[in-house]
Amino acid sequence: MRNFLKGPKMAVIWTVLRIWLGIQWIEAGWHKIADGFDAGGFLQGALAKATGDHPAVQGWYATFLEGFAVPNIELFNVLIPWGEVLVGLGLILGAATIPALIAGAFMNLNFLLAGTVSTNPILFTVAVILLFAGAASYYYGVDRFAIPYLTKYINDKKGTKTAKATA
């Protein structure tokens, strides 16, 4: 069963899911870049959700937002939209797929922790499923060719250093 889930036939399904997820990220990021993005309102809304009897935002996360995110809002105004676009491009191309999936899931997790549900649970779940699919998630992508090439290149460099050290 494991070989079936990670084989070339299932890789078609994982590829469709990966590209769909990438499109979601590109659309989200591109709108923020094109229309202008200010995370200030989002962060203030998240902080407001940290109060009351049943807060949607946990106190520890509100402390992080207030102590780190709000003072560095300009950084987040750049990181969020460009991060979303880069995650989307990576997923669509199947390039740096695993790092893109981890970065996307991390952003979804942070949006969820900030009290924003929207499509985040769905996107997070698809990212986790694709992470479990492993190499099958990029079987039809740039990584299928880039990873073996980079692995060989790195190993050759290590071999050169080892050979020089022993000489």
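The legends below describe close-up views of a predicted model.

Residues are numbered from 1 along each chain as its sequence is written, and side-chain values use heavy atoms, with hydrogens and water left out. Local features need pLDDT of at least 70, side-chain atom pairs count only at pLDDT 80 or more, and totals for chains, interfaces and linings use all residues.

**View 1. Helix H7 and its buried residues.** Helix H7 (residues 120–133) has 14 residues and spans 20 Å from its first C-alpha to its last, close to the 20 Å expected at 1.5 Å a residue; helices are DSSP runs of H or I, at least four residues, numbered from the N terminus. Asn120, Leu123, Val126, Ala127, Leu130 and Ala133 are the buried residues of H7 (under 20% relative accessible area, 1.4 Å probe, protein chains only). They cover an arc of only 150 degrees around the axis, which puts them on the same side of H7, the arc being that of the directions from the helix axis to the C-beta atoms. Their cover includes helix H2 (8–35) and helix H6 (97–113).

**View 2. Helix H2 and the glycine that follows.** H2 has 28 residues and reaches 40 Å from its first C-alpha to its last, close to the 40 Å expected at 1.5 Å a residue. Among its buried residues are Trp14, Arg18, Leu21 and Trp25. Gly36, which follows H2, has a positive phi near 85 degrees.

**View 3. Gly134 after H7.** The phi of Gly134, which follows H7, is positive and near 60 degrees.

Key: Helices (H or I, at least four residues) and strands (E, at least two) are DSSP runs, numbered from the N terminus. The expected span of a helix is 1.5 Å times one less than its number of residues. Buried means under 20% relative accessible area, exposed over 50%, partly exposed in between (1.4 Å probe, protein chains only). Contact means heavy atoms within 4.5 Å.
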